[in-house]
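Dear colleague,

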Amino acid sequence: MKKLLLSGLLLILFPLAACSTNPTDASGKTNTKEVKPLVTGAIPDQDPEKLQRQYTKLAAYLQKELGVPVEYKPVTDYTAAVTAFKVGDLDLVWFGGLTGVQARLQVPGAEAIAQRDVDEKFHSVFIANKKTGLKPLKNITDLQQLKGRTFTFGSESSTSGRLMPQHFLEQAGVKLTDFKGQPGFSGDHDKTIKLVEAGTYEVGALNEKVWSKRVDSKEVDLNKVEVIWRTPAYYDYHWVINPQVKQRYGDDFVNKVQTALFKLDPKVPEQKEILDLLQAEKFIPTKNENYKQIEEIGREIGKIK
């Protein structure tokens, strides 16, 4: 009789144990097999293969630091990144200034938690095909020279490849209708470089860091394309975390993620590789309020309703 009772008790307890989502086992060590993964993502602002490499390495680092499984999940475009964050398919996302605002407006409690050291004073660059004869512009009013030219932005929702370049163009009195034909939207910064280099568009605007990295790696033909203007500084890229992580991993989890990002050290070879891939010296704190200007400009041009 006792054996029957014991067997019955084990049958009841076994499925409960199997369904446990406790992140630690009896020894106090993390049991990552039983914890739902932290899913990270990023706006696809560059070549997908390059993004896959850098964010997969970062995910491995975060998994080690946080003690929970971490996965990188690529998305097809900027809108998909915002939507996936909204519905809870992505927990931690590397957004641009505009997409970060769009995402947080749709997810109450979402927080901007970290940015690279370069992101609090970010810049776009305007590049031109050398056959245009355009020379480097001395000030913002010289953007008037772009009237009647063909022009391409990056993604329609890109901060550095569309939002801020359009803002500065408008400050200079240049409207989208002033370009020759409709302005293009290449989809990402790498494509913008290639389109201007090939002469498909005479001028384009993109992320300064992507431009610099492609020039350093000799992926740009400087005999065909050059920078003609650098924008004033603005806040841009940042990590945004979904509040659902607190329910899954605990109230202090957001702080743990911040600590892990801030700990990335260029003196440690493996971590330096991650920082180099992300084009950063280090990560620093940020907050939602830093992107108020981005929100205001987004509303002005109709990207935020």
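This is a predicted model: local features need pLDDT of at least 70, side-chain atom pairs count only at pLDDT 80 or more; totals for chains, interfaces and linings use all residues.

Helix 2, residues 48-66, packs with helix 9, residues 253-263, at an angle of about 125°. The two helices are therefore oblique to each other. Their axes lie 10 Å apart, and the crossing of helix 2 and helix 9 is right-handed. On the side of helix 2, the contact is made by Tyr61, Leu62, Glu65 and Leu66; helix 9 contributes Phe253, Lys256, Val257, Ala260, Leu261 and Lys263. Of the residues in this contact, seven are nonpolar and three are charged, while none is polar.

The sheet and its helices

The model also contains an open sheet of five strands, in the order 7-6-8-5-9 and with mixed pairing. Its edges are strand 7 (184-185) and strand 9 (225-230), each of which pairs on one side only. Strand 7 runs parallel to strand 6 (residues 151-153), and two bridges join them. Within this pairing, threonine 152 has glycine 184 of strand 7 as its bridge partner.

Helix 6, residues 189-198, packs on the sheet and touches strand 5 (124-129), strand 6, strand 8 (203-207) and strand 9. The direction of helix 6 makes about 155° with that of strand 8. Helix 7, residues 208-216, lies across strand 5, strand 8 and strand 9, and runs at about 95° to strand 8.

Two residues with positive phi

Most residues other than glycine have a negative phi. Lysine 218 is not a glycine, yet it has a positive phi of about 60°. Lysine 218 is found in the loop between helix 7 and strand 9. Glutamine 279, again not a glycine, has a positive phi of about 60°, and its place is in the loop between helix 10 (269-277) and strand 11 (283-284).

Is each of these residues buried or exposed? The cut-offs are under 20% relative accessible area for buried and over 50% for exposed. Lysine 218 has a relative accessible area of 72% and is therefore exposed. Glutamine 279, at 12% relative accessibility, counts as buried.

With kind regards

Definitions and conventions: Residues are numbered from 1 along each chain as its sequence is written. Side-chain values use heavy atoms; hydrogens and water are left out. Two strands pair if DSSP finds at least two bridges between them. Helices (H or I, at least four residues) and strands (E, at least two) are DSSP runs, numbered from the N terminus. Contact means heavy atoms within 4.5 Å. Axes are lines fitted to C-alpha atoms, for helices over the stretch in contact, and angles run from 0 to 180 degrees between N-to-C directions. Buried means under 20% relative accessible area, exposed over 50%, partly exposed in between (1.4 Å probe, protein chains only). Angles under 35 degrees count as roughly parallel, over 145 as roughly antiparallel, 65 to 115 as roughly perpendicular and the rest as oblique. A crossing is left-handed if the near helix is turned anticlockwise from the far one by less than a right angle, and right-handed if clockwise. Ala, Val, Leu, Ile, Met, Phe, Trp, Tyr, Cys and Pro count as nonpolar, Asp, Glu, Lys and Arg as charged, and the others, Gly among them, as polar.
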